[in-house]
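Dear colleague,

Please find it below, followed by an account of what was found in it.

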Amino acid sequence: MNKNNIKWVLALLVWLLAWSAVLAEDNISLGNAAINEGDFAGAVRFYKAAVAAEKEPSAELLRALAQALYMTNNFDEALETFEKVHAADPDIEDKLWLGRCFIKIRQWTRSQDMLLGYLQKNPANTDALELLAYLFSQTGRGDEAIGIHKKLLKNNPGQMEYHLALAKAQTAGKYYDDAIDTLEFAERTVAGYRKETSQLLADLYVSKKMYRQAAGCYQKIIVNSKTPAVEDYYRLGYTYFQ
């Protein structure tokens, strides 16, 4: 090969490398735009194209791809990508995502390890605590789940969803009186109405044969529903005749 041909080949290689970099940047931008639009499948396509165009994809790109894979329910591939990037460039946030992935594929012990490791650095993180509570509830550790829900409620006392989550955990553990106390306190102190709260409280009252209190809950459900269900009227009638 003469010198002119060598120069031409080198110039072509330089141009291809530059073009690959441009393609990678464009695909990353398109992937980010897809994420903003909620198009996670599109984001996966663009991020994968960017990875293919880069000789050494950045950790940021791989994390973006892994998160998009998770959001499209590709949990095994998301897990593999998170593990790869975390091994090369450790970041504490990876542990939270790895905890999520392991939960989805029901690897409870590995998920717990990741979540506890994350909570050592971020002890009040709501997402991690909620995931850990879910993990405990799924592995027969109801009392530990209740403990986590109590911590979440302490951190978020004005949000009904945390009162309700604690009451559900207490109900699952057959701590019915505790669940009633939790929901009664919530209804007294938290603004707003949620049918699910009144429904659970009514069912708990019925289980304890507290029919007058249950009737009050069913009445509240009917009053606050634009189109009350037939079963709500049935339940109200049932409590009146007990």
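The notes that follow concern a pocket and a pair of helices.

Please bear in mind that this is a predicted model.

**The largest pocket**

The largest pocket has a volume of about 190 Å³. Its lining consists of Glu130, Ala133, Tyr134, Ser137, Gly142, Ala145, His149, Ala169, Ala172 and Gly173. Three helices each supply at least two residues of this lining: α7 (126–138), α8 (142–155) and α9 (160–172). The largest share, four residues, comes from α7. Sorted by class, the lining of the largest pocket has five nonpolar, four polar and one charged residues.

**The pair α12 and α13**

Helix α12 spans residues 211–223 and helix α13 spans residues 230–240. The axes of α12 and α13 come within 9 Å and cross at roughly 155 degrees. Since angles over 145 degrees count as roughly antiparallel, α12 and α13 are therefore roughly antiparallel to each other. The crossing of these two helices is left-handed.

On the α12 side, the contact is made by Tyr211, Ala214, Ala215, Tyr218, Gln219, Ile221 and Ile222. On the α13 side, Asp232, Tyr233, Arg235, Leu236, Tyr238, Thr239 and Tyr240 take part. By class, the contact of α12 with α13 has 10 nonpolar, two polar and two charged residues.

Yours sincerely

Notes:
Residues are numbered from 1 along each chain as its sequence is written. This is a predicted model: local features need pLDDT of at least 70, side-chain atom pairs count only at pLDDT 80 or more; totals for chains, interfaces and linings use all residues. Side-chain values use heavy atoms; hydrogens and water are left out. On a 1 Å grid over the protein atoms alone, a cavity is a set of points where a 1.4 Å probe fits but cannot get out, and a pocket is an open set with protein on both sides within 12 Å along at least five of seven lines; lining residues have an atom within 4 Å of a point. Grid points are joined across faces, edges and corners, and a volume is the space filled by probe spheres set on the points. Ala, Val, Leu, Ile, Met, Phe, Trp, Tyr, Cys and Pro count as nonpolar, Asp, Glu, Lys and Arg as charged, and the others, Gly among them, as polar. Axes are lines fitted to C-alpha atoms, for helices over the stretch in contact, and angles run from 0 to 180 degrees between N-to-C directions. Angles under 35 degrees count as roughly parallel, over 145 as roughly antiparallel, 65 to 115 as roughly perpendicular and the rest as oblique. A crossing is left-handed if the near helix is turned anticlockwise from the far one by less than a right angle, and right-handed if clockwise. Contact means heavy atoms within 4.5 Å.
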